[in-house]
Amino acid sequence: MERREFVASLVAGGCAGMCVDLTLFPLDTIKTRLQSPQGFYQAGGFRGIYAGVPSAAVGSFPNAAAFFVTYECTKSLLGAGGALSPPHVAPVTHMLAASLGEIVACLVRVPTEVVKQRTQACPSSTTYHMLLATLRDEGVRGLYRGFGSTVLREIPFSLVQFPLWEYLKTLWSWRQGHTLYSWQAAVCGAFAGAVAAFVTTPLDVAKTRIMLAKAGSTTASGNIPLVLYDVWRSRGLSGLFAGSVPRMTFISLGGFIFLGTYEKVRSSLLQRL
């Protein structure tokens, strides 16, 4: 990857992440409270809908930037030659690039997500106090509680979203005979995001439960199958898909803003650099 492509991916990814996280934060809060063990209203209901937003603001730029730099670099390396360079295996390249991107991004995302979700589920506290409480009770390790479940949620999500996004862009571009406009890439991103969001909602429920669980509890240990079984036993299928509507709405709108902004900013930077 050339230096100008690296810089363009870094800046565009960071800008896209901030646009989504700050614009759609209330939907994320609602989703978290619907999935919390104590229930929606006990977790705050519609009060303090921006609780935890400082954590999202701090983490959104480096998180998204890390993902897209890794994604674009991996695509470039895998597509440069060898078994994964032919067009017919492009989906495999996109899957591998997106999976690696998610693993790298989670190193930034998980600590901010832990603090954000705990603040969302306890709006009487502040982001700063929740961060101090987590470090005091569990140390730095506590900030990475749910890392495995987050990665196991994000990789299947990316395996669905990004190959579908790239395929829809290619199909639409081929049908109209020229490269897509930014808004068209955004529409493809919205559709791909909604599909991926619904399919992976149970994993998101497990991730939320693990992050919100009391330290030392069985749920806090991060055993995803056990957490999903407990949710199934206590709340049935509706529990496994709790928060699916705001999650799909968030990610569909987020995909439109995120991928559309990324395409627009990246293409603009590449023309100027």
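This is a predicted model: local features need pLDDT of at least 70, side-chain atom pairs count only at pLDDT 80 or more; totals for chains, interfaces and linings use all residues.
**A friendly note on cavities, pockets and a buried helix**

1. The largest cavity has a volume of about 710 Å³. It is lined by 32 residues, and those closest to its centre are Asp 21, Asn 63, Arg 109, Glu 154 and Phe 250.

2. Which helices supply at least two residues each to the lining of the largest cavity? They are α1 (3-23), α2 (25-35), α3 (53-78), α4 (90-120), α7 (147-176) and α11 (244-272). By class, the lining of the largest cavity holds 11 nonpolar, 10 polar and 11 charged residues.

3. Next come the open spaces. The largest pocket contains about 390 Å³ of space. Its lining is made of 17 residues, with Lys 169, Thr 179, Leu 180, Ala 185 and Glu 263 lying nearest its centre. At least two lining residues come from each of α3, α7, α8 and α11, and α11 gives the largest share, 5 residues. The lining of the largest pocket divides into 7 nonpolar, 4 polar and 6 charged residues.

4. The second largest pocket has a volume of about 210 Å³. There are 15 residues in its lining, and Arg 118, Met 130, Glu 138, Leu 212 and Ala 213 lie nearest its centre. Two or more of the lining residues come from each of α5 (127-138) and α9. The largest share, 5 residues, belongs to α5. Sorted by class, the lining of the second largest pocket has 8 nonpolar, 2 polar and 5 charged residues.

5. Now take a look at helix α9, which runs over residues 201-212. With 12 residues at 1.5 Å a residue, α9 should span 16 Å. Its end C-alpha atoms are 16 Å apart, which agrees with that expectation.

6. Is α9 largely enclosed or largely open? Of its 12 residues, 11 are buried, so α9 is largely enclosed by the rest of the structure. Among the buried ones are Thr 201, Pro 202, Asp 204, Lys 207, Arg 209 and Leu 212. What do the buried residues of α9 pack against? Their partners are α2, α4, α7, α8 (182-199), α10 (224-240) and α11.

7. Pro 246 has a relative accessible area of 12%, so it counts as buried. Leaving aside residues up to four places away in sequence, Pro 246 touches Leu 27, Ile 30, Lys 31 and Leu 34. Pro 246 and Leu 34 are 212 residues apart along the chain, while their C-alpha atoms are separated by 9.3 Å.

8. Last, the cysteines. How many disulfides does the structure hold? The number is 0. For Cys 15, which is in no disulfide, the nearest cysteine sulfur is that of Cys 19, 6.7 Å away. Cys 106 is in no disulfide either, and its nearest cysteine sulfur, that of Cys 73, is 18 Å away.

Note on methods: Residues are numbered from 1 along each chain as its sequence is written. Side-chain values use heavy atoms; hydrogens and water are left out. On a 1 Å grid over the protein atoms alone, a cavity is a set of points where a 1.4 Å probe fits but cannot get out, and a pocket is an open set with protein on both sides within 12 Å along at least five of seven lines; lining residues have an atom within 4 Å of a point. Grid points are joined across faces, edges and corners, and a volume is the space filled by probe spheres set on the points. Helices (H or I, at least four residues) and strands (E, at least two) are DSSP runs, numbered from the N terminus. Ala, Val, Leu, Ile, Met, Phe, Trp, Tyr, Cys and Pro count as nonpolar, Asp, Glu, Lys and Arg as charged, and the others, Gly among them, as polar. The expected span of a helix is 1.5 Å times one less than its number of residues. Buried means under 20% relative accessible area, exposed over 50%, partly exposed in between (1.4 Å probe, protein chains only). Contact means heavy atoms within 4.5 Å. A disulfide is a pair of cysteine sulfur atoms within 2.5 Å.
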